[in-house]
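Here are some notes for a colleague who has the model open and wishes to check a few local features by eye.

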Amino acid sequence: MTSPTRDSAPTPGPDSAPTPGPDSAPTPGPDSAPAPDPATGSTPPPGCPAHSGQAPAGERLESLHGPEFAADPAATYARLREHGHIAPVELSPGVPVSLVTSYQTALDILRSPESFSKDARHWQALADGTIPLDNPVVPMMMYRPNALCSDGEAHHRLRSAISDTLDRLDIHALRRYVERSADFLIDLFGPKGEADLLKEYSARLPLLVFNQLFGCPPELSDKLVRSLSALFDITEDSEQANVLLAETLFELIALKRATPGPDMTSWLIAHPSELTDEELVHQIVVLVGAGTQPQQNLICNGLLLLLSDERFAGALAGGTMLIEDALNEVLWKDPPLANFCIHYPRHDVTVDGHRLPKGEPVVISLAAANNDPYLLSNRRGNRAHLAWSAGPHTCPAKDPAQVIAAVAIEKLLDRLPDLELAVPAEELEWRPGPFHRALAALPVRYPRTAAKSDEALAEMVAAATATGAGAVGSTPPVAGETSSHGGPAETEPSADDTDSTTAASTATASTTAASTTAASESGSEHEARRRWWKSLAQWWRRG
């Protein structure tokens, strides 16, 4: 895989337009989207209320939290552009913020950590109690000691732990595991001839991948996904979901400290930055948060485009490039995180004629900025969108995220080539929420297909019980050791040489059992893992 850099956007490949980096604007190519010119008249004239960053007295703020916005966000963004590059909006009742709708202004803010902090402890209205802690958006905006909410040296230390951990992933092994997971899920609904691809596929596949990447047993994964869903949806239970999220992650960390394995949780624990348990919880929140809700939205939104846009009609078996083109278009037009990248001015600052007071939240609308009317419409092959953010906080996990989404779609269309929407695209419902762009359901129909459960299950068992290098990553050799082949020796998982099967099963067995299976026979291990996957399938069928 292309190793994600820690503090800049990844270098684009030969067929893509340059991606925004921390220190330079994207250089337009023949098909790239040029940066909008601030001098073209989009800055509000003197005396315009937009200069203050506030709506005129008596005027209701545009809402980003209701069903009207979810149904037609483009109309809301169009009205907001009348304010200029930055407009006042309401994220949830009683939470006003400034929303950036301009591509170039978004880049300027994302690349200006000296003026804009990511640390929510600067949020004055939260600090003085004007906005209560039980407001439903607070769990998504509050300070956490993680790379996303940190600046300077603290950010570099925490991000290095994440980047180094992601660098240990084997992208080829990840692709194989996603393929097996996809087959496993398709077998569950394939014989029915109809499915809700959100509930039965795109929401579950990241869960399987999460289990594997983080060495997480299914009971803990279920609680993590439920709590994260509540946070993104901004429900009345957001505060309770925040508590459940933290409790569950502390359980996972305790499990992996006792029985480490070739997984991302264990690698974070062992990183030289020596993260505390609290820091570990919050780094995992960032990684899991990016790998569940946004990932399922990317898969669903990509499938919707492929199934509803006539440009792709009759070509669903066209191969990987077709899918990559569709995903790139989704990342431009309907990014799974539509409004995020929250910043807090370190001091009163004026940006493009808009006054942004110290400590008042500034939210980047990734969707509105990507669809800035000053950008060219032809974006095929152009990777300069802001879906992965830009500057010091560019998403370090974009490579594995794109692999998971592309493989998930590719495998589904390969297994179900005659897939079609069960209802017209315009009748699909979008879930309310200020942060995401998320379907409520994606109903489809297709000719029934026979399951290949035995084959898929056997492959899943083989992947899940892999030892040594692990199923999705590698464990570096111990210095000075060599294998019987004369090369570096692989380091086996610890916990008395117990394999990853033991680590996964400790959620439902006592910790004593985990330490007494060091010499277990491969046949019994295989059968235990097989029962594990069957129980997971039964659990999903009940859901």
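1. S389 lies in the loop between α16 (366-370) and α17, where helices (H or I, at least four residues) and strands (E, at least two) are DSSP runs numbered from the N terminus. Its phi is near 70 degrees, a positive value in a residue other than glycine, and at 8% relative accessibility S389 counts as buried; here buried means under 20% relative accessible area, exposed over 50% and partly exposed in between, with a 1.4 Å probe and protein chains only.

2. This is a predicted model, in which local features need pLDDT of at least 70 and side-chain atom pairs count only at pLDDT 80 or more, while totals for chains, interfaces and linings use all residues. Residues are numbered from 1 along each chain as its sequence is written, and side-chain values use heavy atoms, with hydrogens and water left out.

3. D352, found in the loop between β7 (349-351) and β8 (354-356), also is not a glycine and has a positive phi, of about 50 degrees. D352 is partly exposed, with a relative accessible area of 22%.

4. Helix α14 (residues 293-308) and helix α17 (residues 398-415) have axes that come within 10 Å and cross at roughly 45 degrees; these axes are lines fitted to C-alpha atoms over the stretch in contact, and angles run from 0 to 180 degrees between N-to-C directions. The two helices, α14 and α17, are therefore oblique to each other, given that angles under 35 degrees count as roughly parallel, over 145 as roughly antiparallel, 65 to 115 as roughly perpendicular and the rest as oblique.

5. Which residues of α14 meet α17? Q295, L298, I299, G302, L303 and L306 in α14 meet A401, I404, A405, A408, I409, L412 and L413 in α17, contact being heavy atoms within 4.5 Å.

6. A161, in helix α6 (residues 152-167), counts as buried at 0% relative accessibility. Leaving aside residues up to four places away in sequence, A161 touches L268, H271, S273 and L275; A161 and L275 are 114 residues apart in sequence but 8.4 Å apart in space, C-alpha to C-alpha.

7. Three strands form an open sheet in the order β5-β11-β10, with antiparallel pairing, where two strands pair if DSSP finds at least two bridges between them. The edge strands, β5 (194-196) and β10 (420-421), each pair on one side only. Between β5 and strand β11 (residues 443-445) the antiparallel pairing runs over three bridges, and D196 stands opposite P443 in β11.
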